[in-house]
Amino acid sequence: MGKDVIVACDFPSAKEVFAFLDKFTEKKPFVKIGMELYYAEGPSIVREIKKRGHKIFLDLKLHDIPNTVKKTMSVLSGLDVDICNLHAAGTTKMMEAAIEGLTREDGSRPLLIAVTQLTSTDQESMEKDLLIKEPIDKVVMHYALCAKNAGLDGVVCSPLEAGKVHEVCGKDFLTVTPGVRFAEGDAGDQKRIMTPSQAKKIGSDYIVVGRPITGADDPVAAYNRCINEFVD
Ligand code: C5P
């Protein structure tokens, strides 16, 4: 898969997400389904959005014992999503089990990417709550390398980390980056942000964009602008 814009469909119900997706009559955007929508509507929401012709990143961030993650990944693989994810903090064994669970009988599987440290975690909370004393960027790169060695396809990271992840893990290791805003846009609660064209320059493979598209007066125009800046 090449560079693409993934739209974070953070809506509380199927009704709202379909009203939003109905606006896209030409190109069907790559859609991210997060916990809010998935837990509200269950697996049927994945099947229905897939049936409408969208690619899907199912962002459920699994983190449990290897056997549980393996079996759950096997269920998600059956939903025919394109990308799913887990927390690298679950350890290499858990990530390897996840790959096993995801892989179908014919050898195919959705892409699997890892969350390293959440962007809401800072150095202070990592040291205080998790007792991890190393610098956070070193921790992020270490988790990314563990994910690569476990056979994963990439990581979710800040666009500011994407260049370094490629240096450490190779250019084919995918970087999927939220925290994207238009130059004149409102940052909201995102702190370390980049524009779609800056994310392109730094080498992000996919940008994840939510409110700048879902909250725009003209969501289709905002989406097309992201595509123009990031892909074309
Ligand atoms: O609305 P906004 O563009 O900020 O949406 C970004 C999306 O990416 C949200 O669904 C958010 O949960 C997700 N995300 C993030 N930062 C991470 C991981 C995921 O913003 N580190």
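The model is predicted. What covers the buried residues of helix 8 includes helix 7 (136-149), strand 6 (154-156), strand 7 (174-177) and helix 9 (196-202).

**Exercise 1. Determine which residues of helix 8 are buried and how they are arranged around the axis.**

Step 1. Helix 8 spans residues 159-169, and its buried residues are Pro 159, Glu 161, Ala 162, Val 165, His 166 and Cys 169.

Step 2. These residues cover an arc of only 145 degrees around the axis, which puts them on the same side of helix 8.

Step 3. The ends of the helix can be described next. Helix 8 is followed by Gly 170, whose phi is positive, near 100 degrees.

**Exercise 2. Classify the packing of helix 7 against helix 8 and list the residues that make the contact.**

Step 1. The two helices pack at an angle of about 50 degrees, and their axes are 10 Å apart.

Step 2. Angles under 35 degrees count as roughly parallel and those from 65 to 115 as roughly perpendicular. Helix 7 and helix 8 are therefore oblique to each other.

Step 3. Helix 7 passes helix 8 in a right-handed crossing. On the helix 7 side the contact is made by Val 140, Met 141, Ala 144, Leu 145 and Lys 148, and on the helix 8 side by Glu 161, Lys 164, Val 165, Val 168 and Cys 169.

**Exercise 3. Classify the packing of helix 4 (66-78) against helix 5 (residues 92-102), and identify what the buried residues of helix 5 pack against.**

Step 1. Helix 4 and helix 5 pack at an angle of about 30 degrees, with axes 7 Å apart. They are therefore roughly parallel to each other, and their crossing is right-handed.

Step 2. From helix 4, Pro 66, Val 69, Lys 70, Met 73, Ser 74 and Ser 77 meet Lys 93, Met 94, Ala 97, Ala 98, Glu 100, Gly 101 and Leu 102 of helix 5.

Step 3. The buried residues of helix 5 are Met 94, Met 95, Ala 97, Ala 98, Ile 99, Gly 101 and Leu 102. These buried residues pack against strand 3 (56-62), helix 4, strand 4 (83-87), strand 5 (111-115) and helix 7.

**Exercise 4. Describe how helix 1 (residues 14-21) packs against helix 3 (residues 44-51).**

Step 1. The packing angle is about 15 degrees, and the axes lie 12 Å apart. Helix 1 and helix 3 are therefore roughly parallel to each other.

Step 2. Helix 1 passes helix 3 in a right-handed crossing. Ala 14, Val 17, Phe 18 and Leu 21 of helix 1 make the contact with Ile 45, Glu 48 and Ile 49 of helix 3.

**Exercise 5. Relate Cys 9 and Lys 32 through their contacts.**

Step 1. Cys 9 lies in the loop between strand 1 (4-8) and helix 1. At 0% relative accessibility, Cys 9 counts as buried.

Step 2. Beyond its neighbours within four places in sequence, Cys 9 is in contact with Val 17, Phe 20, Leu 21, Val 31, Lys 32 and Leu 37.

Step 3. Lys 32 lies in strand 2 (residues 30-33) and, at 10% relative accessibility, counts as buried. The residues that Lys 32 touches include Cys 9, Asp 10, Phe 57 and Asp 59.

Step 4. The side chain of Lys 32 also makes a polar contact with the side chain of Asp 59, at 2.7 Å.

Definitions and conventions:
Residues are numbered from 1 along each chain as its sequence is written. This is a predicted model: local features need pLDDT of at least 70, side-chain atom pairs count only at pLDDT 80 or more; totals for chains, interfaces and linings use all residues. Side-chain values use heavy atoms; hydrogens and water are left out. Buried means under 20% relative accessible area, exposed over 50%, partly exposed in between (1.4 Å probe, protein chains only). Helices (H or I, at least four residues) and strands (E, at least two) are DSSP runs, numbered from the N terminus. The arc is that of the directions from the helix axis to the C-beta atoms. Contact means heavy atoms within 4.5 Å. Axes are lines fitted to C-alpha atoms, for helices over the stretch in contact, and angles run from 0 to 180 degrees between N-to-C directions. Angles under 35 degrees count as roughly parallel, over 145 as roughly antiparallel, 65 to 115 as roughly perpendicular and the rest as oblique. A crossing is left-handed if the near helix is turned anticlockwise from the far one by less than a right angle, and right-handed if clockwise. A polar contact is a pair of N or O atoms within 3.5 Å; within protein, one must be able to donate a hydrogen and the other to accept it, and residues adjacent in sequence count only if both atoms are side-chain atoms.
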